[in-house]
Amino acid sequence: MRKYLFSGAVLGAIFSGIGVIKSTASGPRDWRLVLMWISWAASLAVAIGTVAEDARDGEIGE
């Protein structure tokens with residue numbers, strides 16, 4: 001769990017999620033908001049997948 005929380009990619013995705021939440025609270029509700037949420041979810045998924053793949057590659061190499 002620690003490898004996910006301290007990963008730069010995951011931290012960046014989480015902090016960008018804060019911006020999406022603020023935009024949701026204060027901005028207009030239109031198609032761009034949906035695209036922001038989809039892009040945030042995709043970037044979070046890629047970040048988590050990258051950390052998982054790096055961890056798996058590290059286990060295989062040892």
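Trainee: Why is Trp40 called partly exposed?

Mentor: In this predicted model, Trp40 has a relative accessibility of 22%. Buried means under 20% and exposed means over 50%, with partly exposed in between; Trp40 therefore counts as partly exposed.

Trainee: What makes Trp37 buried, exposed or partly exposed?

Mentor: The relative accessible area of Trp37 is 33%.

Trainee: How many aromatic pairs does the structure hold, and what makes the rings of Trp37 and Trp40 stacked or edge-to-face?

Mentor: A search of the whole structure gives one aromatic pair. The ring centres of Trp37 and Trp40 are 5.7 Å apart, and their planes stand at 85°. Rings pair if their centres lie within 6.5 Å, and planes over 60 degrees apart count as edge-to-face; the pair of Trp37 and Trp40 is therefore edge-to-face.

Trainee: Why are both the distance of the centres and the angle of the planes given?

Mentor: Both are given because a pair of aromatic rings is described by these two values.

Trainee: How far along helix H3 are Trp37 and Trp40 separated?

Mentor: Trp37 and Trp40 are three residues apart in helix H3, which means that about one helical turn separates them.

Trainee: Which residue lies 27 residues from Trp40 along the chain, with a C-alpha separation of 7.0 Å?

Mentor: That residue is Ala13, which has its place in helix H2.

Trainee: What makes Ala13 buried or exposed?

Mentor: The relative accessibility of Ala13 is 6%. Since buried means under 20%, Ala13 counts as buried.

Trainee: Which other residues of H2 are buried, and how do you know where they lie around the helix?

Mentor: Besides Ala13, the buried residues of H2 are Val10, Gly17, Val20 and Thr24. Viewed down the axis of H2, its buried residues fall within an arc of 65°, so they line one face of the helix.

Trainee: Which exposed residues are on the face of H2 turned away from its buried side?

Mentor: That face carries Gly8, Phe15, Lys22, Ala25 and Ser26.

Trainee: How do you know whether the span of H2 agrees with its number of residues?

Mentor: Helix H2 covers residues 8-26, which makes 19 residues. The expected span is 1.5 Å times one less than the number of residues, so H2 should span 27 Å. Its end C-alpha atoms are 27 Å apart, which agrees.

Trainee: What makes the contact of Asp30 and Arg32 a salt bridge?

Mentor: The closest N and O atoms of Asp30 and Arg32 are 2.7 Å apart. A salt bridge needs a side-chain nitrogen of Lys or Arg within 4 Å of a carboxyl oxygen of Asp or Glu, so this contact qualifies. The structure holds one salt bridge. Asp30 is partly exposed at 25% relative accessible area, and Arg32 is partly exposed at 47%.

Trainee: Which residues make the nonpolar surface patch?

Mentor: Trp31, Val34, Leu35 and Ile38 make this patch of about 440 Å². Ile38 has its place in helix H3, residues 31-61.

Conventions:
Residues numbered from 1 in each chain as written. Predicted model: local features only at pLDDT ≥ 70, side-chain atom pairs only at ≥ 80, totals over all residues. Heavy atoms only, no water. Patch = residues over 30% accessible without salt bridge, like charges linked within 9 Å, V, L, I, M, F, W, Y side chains within 5 Å. Areas by Shrake-Rupley, 256 points an atom, 1.4 Å probe, with all protein chains shown as cover. Helix = DSSP H or I, 4+ residues; strand = E, 2+ residues; numbered from the N terminus. Buried < 20%, exposed > 50% of the residue type's maximum accessible area, 1.4 Å probe, protein only. Arc of directions from axis to C-beta. Phe/Tyr/Trp six-rings, centres within 6.5 Å; stacked < 30°, edge-to-face > 60°.
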